[in-house]
Structure formats: C-alpha cells, structure tokens
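Subject: Structure handover and findings

Hello,

Here is the structure for your files. Please open it alongside this message.

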Amino acid sequence: MKTPHVVVVMGVAGTGKTTIGPLLAARLGVPYAEGDDFHPQANIAKMSAGTPLTDEDRLPWLDSIGGWADGRAGLGGVVSCSALKRSYRDRLRAAAPGLVFVHLTGDRALIEDRMSHRQGHFMPTALLDSQFATLEPLEADEAGVAVDVSGGPEEIAERAVRALDELSGPGR
C-alpha cells in the first residue's frame, strides 16, 4: 500500500508513537522519521529533568518536523510528534499543508503502565499529567483519525491503516 500523504502519529507520551510510527510507515511503503530526533538538546535536557516544555520551547521542534514533512509532500511519509495542541498542528500544517494525523488514544492507566516499563527514554511518567492536561483532541475540521492503543503494536498499526483507508474513502 502506498500513500502520497504525510502522516503525523500524535498523542501523549507513552501511547506508542515510536513503536506504531515505523509499523505504519512500513505498511504504507513510506519512510519514517522519529519526532524526538527533531528536538534541540535543550528540550531533551528540560524533559529529562521533569520540566514540561513551553510553547516557545516547542516552536523550533515543530518547525523542523514541518520542514521534513514539507519535503515529503507528494511522496508520503510518517513522522511521530505529540502535536498535543491545535496550535501545534496548525503550525505543522502551515509548513506542510495536507498533513493527516493519526491520534493514538488510550486509557491513562494503560499509558502510564506502558511508560513505567520503557527503558532509556527521556520522558518521565511524572510528565504524563501535564501531557493529558495539554492535549486538545483532533477537531472535526482537522484531517485525521483517532486510533485506540489497546492491544499489541501490530493490531494497533493495522487499525491505523484501516482508519486511514476509511478517511481517504473510495477512489481517493
């Protein structure tokens, strides 16, 4: 399956963006980019210390992701990015019109449990509350789908592919 869309896999920390993103990209036959790799070192240091990022902190990160996505326009790609606020998604779309979002959603207890078992990630579970407080789910006028993160990674990726197919509709 191929898609000319650039897909942003979004959601709070611990929903599986880094796991589902590459699986989704493989199914779509497009490259994957890890959103965390676009963070400046100062952002990683803040998050590692348990300090939530400010909107100002996120701007260079969002612009870098938007630049990558714009470079993939018409070619397709998948990139992970929390994209928790509408304003962040609007900034990404301003850089790369036509983005489609896959919002990974799930029960807070499940996500916290998954986060507590992660090894070597800079985002501590202590920041999960701030992530949920910041989250603004996709609105009706935003191109995207919500995908539940219960089950295994392969099942979630397949659910995302089906949701994207439904979003595109027949003949699109």
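Below is what was found, starting with the ground rules.

This is a predicted model, so local features need pLDDT of at least 70 and side-chain atom pairs count only at pLDDT 80 or more, while totals for chains, interfaces and linings use all residues. Residues are numbered from 1 along each chain as its sequence is written, and side-chain values use heavy atoms, with hydrogens and water left out.

The sheet

Five strands form an open sheet, in the order β2-β3-β1-β4-β5, with parallel pairing. Strands (E, at least two residues) and helices (H or I, at least four) are DSSP runs, numbered from the N terminus. Two strands count as paired if DSSP finds at least two bridges between them. β2 (32–33) and β5 (144–148) stand at the edges with a single partner strand each, so one side of each has no neighbour in the sheet. Two helices pack on this sheet. Helix α1 (residues 17–28) touches β1, β2, β3 and β4, and its direction makes about 155° with that of β1. Helix α7 (residues 153–168) touches β1, β4 and β5, and its direction makes about 150° with that of β5. Contact means heavy atoms within 4.5 Å. Axes are lines fitted to C-alpha atoms, for helices over the stretch in contact, and angles run from 0 to 180 degrees between N-to-C directions.

Strand β1

β1 covers residues 6–10, and five of its five residues are buried. Buried means under 20% relative accessible area, exposed over 50%, and partly exposed in between (1.4 Å probe, protein chains only). In a regular strand the side chains alternate between the two faces of the sheet. Here V6, V8 and M10 point one way, and V7 and V9 the other. β1 pairs with β3 (residues 77–80) in the parallel sense over four bridges. V6 stands opposite G77 of β3. β1 also pairs with β4 (residues 100–105), in the parallel sense and over four bridges. There, V9 has V102 as its bridge partner.

V8 sits in β1. Its relative accessible area is 1%, so V8 is buried. Which residues does V8 touch, not counting those up to four places away in sequence? They are V79, C81, L99, V100, F101 and V102. V8 and C81 are 73 residues apart in sequence, yet 6.4 Å apart in space, C-alpha to C-alpha.

The largest nonpolar core has 23 residues, and V8, C81, L92, L99 and F101 touch the most other members. β1, α3, α4 and α5 (108–116) each supply at least two residues of this core. Its largest share, four residues, comes from α3. Apart from it lies another core, of 21 residues, including L24, V30, V147 and L164. A nonpolar core here is a set of buried Ala, Val, Leu, Ile, Met, Phe, Trp, Tyr and Cys residues joined through side-chain atoms within 4.5 Å.

Helix packing

α3 and α4 pack at an angle of about 35°, with their axes 8 Å apart. The crossing is right-handed. On the α3 side the contact is made by D55, R58, L59, L62, D63, I65, G66 and D70. On the α4 side it is made by Y88, R91, L92 and A95.

Helix α2

The buried residues of α2 (residues 41–48) are N43, I44 and M47. Seen down the helix axis, they fall within an arc of 100°, so they line one face of α2. The arc is that of the directions from the helix axis to the C-beta atoms. Exposed residues Q41 and A42 are on the face turned away from the buried side. What covers the buried residues of α2 includes α3 (55–71).

Backbone notes

Two positive phi values are listed here. G50, which follows α2, has a phi near 85°. A83 has a phi of about 45° although it is not a glycine. A83 is found in the loop between β3 and α4 (86–95). Is A83 buried or exposed? At 0% relative accessibility, A83 counts as buried.

Regards

Notes:
Left-handed = near helix turned anticlockwise from the far one by under 90°.
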